Structure formats: C-alpha cells, structure tokens
Amino acid sequence: MKVIFAGTPEFAREALAALHAAGFDIPLVLTQPDRPAGRGMKLQASPVKQFALEHGIAVAQPPSLKLDGKHAEAAQAARATLEAVQADVMVVAAYGLILPKWTLTLPRLGCLNIHGSLLPRWRGAAPIHRAIEAGDAETGITIMQMDEGLDTGDMLLMEREAIRPDDTTALLHDRLASLGGRMIVEALRLAASGGLKPVRQPEAGVNYAHKIDKAEAAIDWTQSASQIARRVRAFDPFPGTTFQMNGETIKLWTASVLPASGTPGQVLHASGDSLVVACGEQALALHSLQRPGGKRATAREFLQSQRERLPAQLPG
C-alpha cells in the first residue's frame, strides 16, 4: 500500500515512524514549512520532516493546499506532486493545515486522521489539554475517515486510554502518540483487506477542544483548587500556568489540593517546603515553580530565592 503522510509535530512523527517500521511504502511526506525556534530563532524543521529526511523520504512543505488565494501557485504545485504519487491513502496526524476537498478524494482510500480523543468528544485543536483540564477519567485515539467538517468524519477504530491523576499533557501526549502509531498500522492493514467498518459519529456528546491561548495561563484564584490543579497539569509543557508575585510573573508547574480555606489568593503558609494559597474552594499547595529566567524549583528553593517578603494576598 502506497501512503502519503501529512503531519508536523512529535505526535505525528511517532505515527510516521510506526508506519515506516511496519514496512509501508511512503513515497511522500507533507509537513508545515520550517519555523523559527529556540533562542536564536533559527529556522527549524518539524519532527516529521527530520524523520523523513533521515530515512530518505521526499518532503513537500506547501504553505497552503487551497487552490485560490495568495498561495495558489504553491498549492497547485503540491497538487501536481500528490497526483504524481498515485497513493492509495493519505494518513494525517496533527498536520496543522486545512485539507480542501480535492485532497480528501485524491487517494483511492481517501484520508485517514489520527485524532487524540474519543470522538465526538473533543473535536478540534487541543483534545489532550482539554480532556485533562475538564477532569475526564479517560480519553483515547480515534482513527477517522476525514471529510470536510472539523473532525466530523466516520470513525474507523477507537481505543481508550485512562487519564491518570498525575498526568500532564506531556505525559498523556506520549502515550497517545504511541497508541496512535500502533492503531494506524492496524487500520491500514485492515483497509488493505477491506476490513474497516465505518461508524457515523453520534450527535450526542459533541464538544470542541479550542486551541490553547497564552491568555489562559493566568491563574484565577477564585476558581476551585481542583480546577486550577487540573489546568496546571493540562498546560504543562505549554503554555504553563502563571501568577503575579512581587512584580514578577511566576510559572506554576505542579500543585495539589489541600482541605484548607481562606480568601481566594491569600497566602496561607509560606515556609519550609510549603507554599499554600487559598482558592475559591479549598487551597492549593504549590510544589514546583519557576521565576523569570530561572529553572523549575521546589517550593523550598523558591521560597529561599525570594529577596522580598511574600505578600499576604496574590492578585488574580
């Protein structure tokens, strides 16, 4: 089976590596254009591009696949490249570009998407983050036949994955990426023998995992401690959660809920290994924090590094 692969970040690289290891013919990879990254803001290839180049797979990086608009010429060139491949299927995983209708119908078996949730829950851009933030007990991977809607296509395979009490987005991402790689190999093997059975998504339970905005990082101490703790885990590693203290923006990386109370934002305890802040319900013990330009530190290290007296009340 001849496979075109479209993806960009590490989540997609895991799937590409699984398909390559399983022996599928992958003549072409689509990935987003190189982006500036790091302190020097030098152009950096995506994880998918890096894997493709290391394994001698051709790479195309069109800025868009829409045949009209300012990138129409590049899109037309990409279309010619895709048509020349004559692929049986396109596998898509966190590609980051909208696939227009012509791409969805070009391969014989269409386009299969690896989506990091149990559809129809958490359609959209940030399903892993939003599942943790919402306090879901489980999530998973859905292999889906793509259509023109936003993650609305028929479901082909689904497997569940428990969300552990200490899961961050980084930890859960890695497990789901591995699961997605295994499942897409299984899906393509079933497709080759006509064994995939499409199932329409139910109308009940639809919701959307909107893209994470940096503005969401600021902690609102009037929320319950459990809500804030979930967001801390959901926003690790990006964008992190923050609060203001003595004129600095402090990042909070790990925290736990305590059965204490006070005015939201009130510093209830700040000595030794303990830094506790009251929330709308209960209180939050802050375990791992980071000052601007510094490294992640324990509560004890953080308190020892403070030159100014800690305020009795935190804003937010």
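**Ground rules.** I am working from a predicted model, where local features need pLDDT of at least 70, side-chain atom pairs count only at pLDDT 80 or more, and totals for chains, interfaces and linings use all residues. Residues are numbered from 1 along each chain as its sequence is written, and side-chain values use heavy atoms, with hydrogens and water left out.

**Entry 1, the open sheet.** I looked up the strand order and found β5-β2-β1-β6-β7-β9-β10, an open sheet of seven strands with mixed pairing. At the edges sit β5 (58-60) and β10 (155-162), each pairing on one side only. Neighbouring strands are turned by 20° against each other on average, direction ignored. Strands here are DSSP E runs of at least two residues, helices are H or I runs of at least four, and both are numbered from the N terminus. Two strands pair if DSSP finds at least two bridges between them.

I then checked β7 (residues 111-115) and β9 (residues 138-145): they run antiparallel, joined by four bridges. Asparagine 113 stands opposite methionine 144 in β9.

Helix α2 (residues 47-54) lies across β1 (2-7), β2 (25-30) and β5, at about 150° to β5. Helix α3 (residues 72-85) lies across β1, β2 and β6 (89-93), at about 170° to β2. Angles run from 0 to 180 degrees between N-to-C directions, with axes fitted to C-alpha atoms, for helices over the stretch in contact. Contact means heavy atoms within 4.5 Å.

From α1, the residues in contact include Phe11, Ala15 and Leu19, and from α6 they include Leu176, Ile184 and Leu188. By class I noted nine nonpolar, three polar and two charged residues; Ala, Val, Leu, Ile, Met, Phe, Trp, Tyr, Cys and Pro count as nonpolar, Asp, Glu, Lys and Arg as charged, and the others, Gly among them, as polar.

Serine 256 stands opposite alanine 285, and leucine 289 opposite alanine 297. In the β15 and β16 hairpin, glutamine 282 takes a positive phi near 60°.
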